[in-house]
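Biologist: I would like to learn how to read a structure like this one. Could we go through it feature by feature?

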Amino acid sequence: MINLYQKTWNEINKEIAGNVRLLRKRKKITQNELAKKSGVSFASIKRFEQTGEISLQSLTKIAIALNVEEELETLFTSVPFSSIEEIINEQS
């Protein structure tokens with residue numbers, strides 16, 4: 001079944017970036033402070049928050065700096081099976 005309301009990769013990336021920006025602001029950390037704390041360049045953090053573009057390595061560093069690395073560690077861990085075929089495939 002096709003989901004007509006499925007978000008694009010770009011929409012998802014921008015949503016994640018927005019969530020990171022809100023978390024950063026909630027913790028009262030500037031982009032510059034996050035750059036220093038995470039080891040990710042200021043320019044990369046600024047670009048990420050504006051466009052959603054970032055490497056997985058940099059995103060992981062940012063998550064660690066914000067103390068939310070468990071959010072990444074649990075990504076894709078509790079995805080329900082969508083068919084009997086997926087259950088069979090996992091067992092083989």
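Biologist: Which residues is Gln31 in contact with, leaving aside its neighbours within four places in sequence?

Modeller: This is a predicted model, so keep that in mind throughout. Leaving aside neighbours within four places in sequence, Gln31 is in contact with Arg24, Phe42, Ile45, Lys46 and Glu49. Gln31 itself is found in helix H2.

Biologist: Is Gln31 buried or exposed?

Modeller: The label follows from the relative accessible area, and buried means under 20%. Gln31 has 17%, so Gln31 is buried. Across the protein, buried residues make up 25% of the 92 residues.

Biologist: What does Lys61 touch, not counting residues up to four places away in sequence?

Modeller: Lys61 touches Ser38, Gly39 and Val40.

Biologist: How are two packed helices described?

Modeller: By the angle between their axes and the distance between the axes. Take helix H2, residues 31–38, and helix H4, residues 56–65: their axes are 9 Å apart and the packing angle is about 100°. H2 and H4 are therefore roughly perpendicular to each other. On the H2 side the contact is made by Leu34, Lys37 and Ser38, and on the H4 side by Lys61, Ile62 and Ala65. Sorted by class, this contact has 3 nonpolar, 1 polar and 2 charged residues.

Biologist: At what angle do the axes of H1 and H3 cross?

Modeller: The axes of H1 and H3 cross at roughly 120° and come within 7 Å. An angle from 65 to 115 degrees would count as roughly perpendicular. H1 and H3 are therefore oblique to each other. In H1 the residues that meet H3 are Asn10, Lys14, Ile16, Ala17, Val20, Arg21 and Arg24, and their partners in H3 are Phe48, Glu49 and Thr51. By class, the contact of H1 with H3 has 4 nonpolar, 2 polar and 4 charged residues.

Biologist: How far does H1 reach from its first C-alpha to its last?

Modeller: Compare the span with what is expected at 1.5 Å a residue. H1 covers residues 9–26, which is 18 residues, and reaches 26 Å, close to the expected 26 Å. H1 is followed by Lys28, whose phi is positive, near 55°.

Biologist: Which residues of H1 are buried, and what covers them?

Modeller: The buried residues of H1 are Ala17, Gly18, Val20, Leu23 and Arg24. What covers them includes H2, H4 and helix H3, which spans 42–51.

Biologist: How many helices and strands are there in the protein?

Modeller: The protein has 6 helices and 0 strands. Read from the N terminus on, its elements run α-α-α-α-α-α. The radius of gyration is 16 Å, well over the 12 Å that the globule rule gives for 92 residues, so the protein is more spread out than a compact globule. Along the principal axes, the C-alpha atoms fill a box of roughly 50 × 30 × 20 Å.

Biologist: How much of the contact count comes from residues 24 or more positions apart?

Modeller: Among contacts with a separation of 6 or more, residues 24 or more positions apart account for 43%.

Notes:
Residues numbered from 1 in each chain as written. Predicted model: local features only at pLDDT ≥ 70, side-chain atom pairs only at ≥ 80, totals over all residues. Heavy atoms only, no water. Axes fitted to C-alpha atoms, helices over the stretch in contact; angles between N-to-C directions. Helix = DSSP H or I, 4+ residues; strand = E, 2+ residues; numbered from the N terminus. Parallel < 35°, antiparallel > 145°, perpendicular 65-115°, else oblique. Contact = heavy atoms within 4.5 Å. Nonpolar A, V, L, I, M, F, W, Y, C, P; charged D, E, K, R; others polar. Expected span 1.5 Å × (residues − 1). Buried < 20%, exposed > 50% of the residue type's maximum accessible area, 1.4 Å probe, protein only. Rg over C-alpha atoms; globule rule 2.2 N^0.38 Å.
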